[in-house]
Amino acid sequence: LNLELESAGGWYRMSKPAADYGIAQCCSPPNIRAFVEEAIAKADPNFDFSNIDAVWVIAASGASEQIRILLDQRWPGEGISVDGRELRRWITGAASYPSVPTQIEPARYAAWIVTHEIGHFLGLPDLYLKPPGCPPCPNSFEPVGYWDMMSDSPLFAHFLAWHKWLLGWLDPAQLRGLTSPGSLETTLTPVAAPGGVKAVVVPQSTSKAYVVEARVPLGWERVLCDRGVLVYTVDATKRNVEGAVQIFPAHGATSSPTCGPIADAAFDVGPGEVSTFEDSAVKVEVLEAVVDGTYRVRVTKK
């Protein structure tokens with residue numbers, strides 16, 4: 001993926017106070033388009049939009065209570081026309097938010113937000129839960145925790161191996177499939193490391209599969225609070241914020257202020273670790289932790 005960010009040349013004063021655009025409410029209010037369309041018109045005399053694919057409209061820090069982080073994507077013909085281009089993807093937000101966790105560097109927090117929203121542009125869903133209505137439920141981040149950028153991940157995890165596969169960032173040779181009853185053994189390399197096998201996929205139906213992958217603190221996700229083998233399901237029948245991915249935590253639904261929900265979800269070998277996952281469909285055994293962060297696993301489809 002080649003991502004180029006271009007500034008539209010500074011700040012532009014909008015015609016109304018931030019609160020008048022109605023973006024303080026959640027659930028993608030219709031006024032988001034009016035806000036973005038006016039911002040594009042303000043910048044257009046000084047900026048060429050003809051080669052732009054998506055727009056991020058950032059309000060001043062003082063507008064953080066009125067301008068929520070929201071994403072909107074439109075069908076062809078329903079976008080905003082400017083400089084001979086139809087823009088159909090945009091995001092709103094403010095320059096800073098008072099709710100940023102104190103232990104997180106503001107620049108890295110902003111980088112997470114940018115990455116998360118661009119994940120939506122590429123087609124990835126939110127992995128947190130959201131019941132009918134606007135407020136998130138108390139345990140909304142427990143299905144995935146901090147293990148993927150499309151969940152709540154201020155620790156800056158990579159995308160899950162399944163998401164990298166969907167985006168075309170993994171080669172077919174980097175996955176192992178177990179499509180009929182039996183077992184296979186393989187060595188998994190960490191998702192954050194180049195090369196090697198990244199996941200074992202065990203289909204259960206045309207819409208659901210188990211995925212097994214290795215994660216260690218490395219590179220961008222060097223501040224992960226755990227290491228080992230993740231086991232999770234993906235369910236294509238689940239829509240956005242409905243729980244399309246569910247991680248099975250090795251130590252239950254434990255949480256920590258720094259590491260978030262299911263902080264120690266990975267299966268591993270050694271004192272205090274859980275090395276085996278098993279349910280009615282699959283069994284996953286961590287056989288060996290290799291010194292370079294790779295894991296030898298045995299996966300059985302029942």
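**Note on the predicted model: strands, cores and salt bridges**

1. Buried here means under 20% relative accessible area, exposed over 50%, and partly exposed in between (1.4 Å probe, protein chains only). Strands (E, at least two residues) and helices (H or I, at least four) are DSSP runs numbered from the N terminus. In a regular strand the side chains alternate between the two faces of the sheet.

2. This is a predicted model, in which local features need pLDDT of at least 70 and side-chain atom pairs count only at pLDDT 80 or more, while totals for chains, interfaces and linings use all residues. Residues are numbered from 1 along each chain as its sequence is written, and side-chain values use heavy atoms, with hydrogens and water left out.

3. E1 pairs with strand E5 (residues 89-94) in the parallel sense over five bridges; pairing requires at least two DSSP bridges between two strands. Valine 55 has tryptophan 90 of E5 as its bridge partner.

4. Glutamate 117, in helix H2, counts as buried at 8% relative accessibility. Leaving aside neighbours within four places in sequence, glutamate 117 is in contact (heavy atoms within 4.5 Å) with Trp56, Ile69, Leu71 and Ile91.

5. The largest nonpolar core has 30 residues, of which Trp147, Leu230, Tyr232, Val245 and Ile247 touch the most other members. Helix H2 (106-121) and strands E8 (199-203), E9 (208-215), E10 (228-235) and E11 (245-247) each give two or more residues to this core. Another core, of 22 residues, lies apart from it and includes Val202, Ala214, Val216 and Phe267. A nonpolar core is a set of buried Ala, Val, Leu, Ile, Met, Phe, Trp, Tyr and Cys residues joined through side-chain atoms within 4.5 Å.

6. Isoleucine 262 has a phi near 35 degrees, a positive value in a residue other than glycine; isoleucine 262 is placed in the loop between strand E13 (260-261) and strand E14 (276-278) and is buried, at 3% relative accessible area. Isoleucine 262 is also among the residues that tryptophan 147 touches. For valine 241, phi is near 60 degrees, again positive in a residue other than glycine. Valine 241 is in the loop between E10 and E11 and counts as buried at 17% relative accessibility.

7. The whole structure holds nine salt bridges, a salt bridge being a side-chain nitrogen of Lys or Arg within 4 Å of a carboxyl oxygen of Asp or Glu. In one of them, aspartate 53 pairs with arginine 85, with the closest N and O atoms 2.5 Å apart. Aspartate 53 lies in the loop between helix H1 (31-43) and E1, and arginine 85 in strand E4 (residues 85-87), so the pair ties together parts 32 residues apart in sequence. Aspartate 53 is exposed, at 53% relative accessible area, whereas arginine 85 is partly exposed at 28%.

8. Glutamate 285 forms a salt bridge with arginine 298, the closest N and O atoms being 3.2 Å apart. Glutamate 285 is in strand E15 (residues 282-289) and arginine 298 in strand E16, 13 residues apart. Glutamate 285 counts as buried at 17% relative accessibility, while arginine 298 is partly exposed at 26% relative accessible area.
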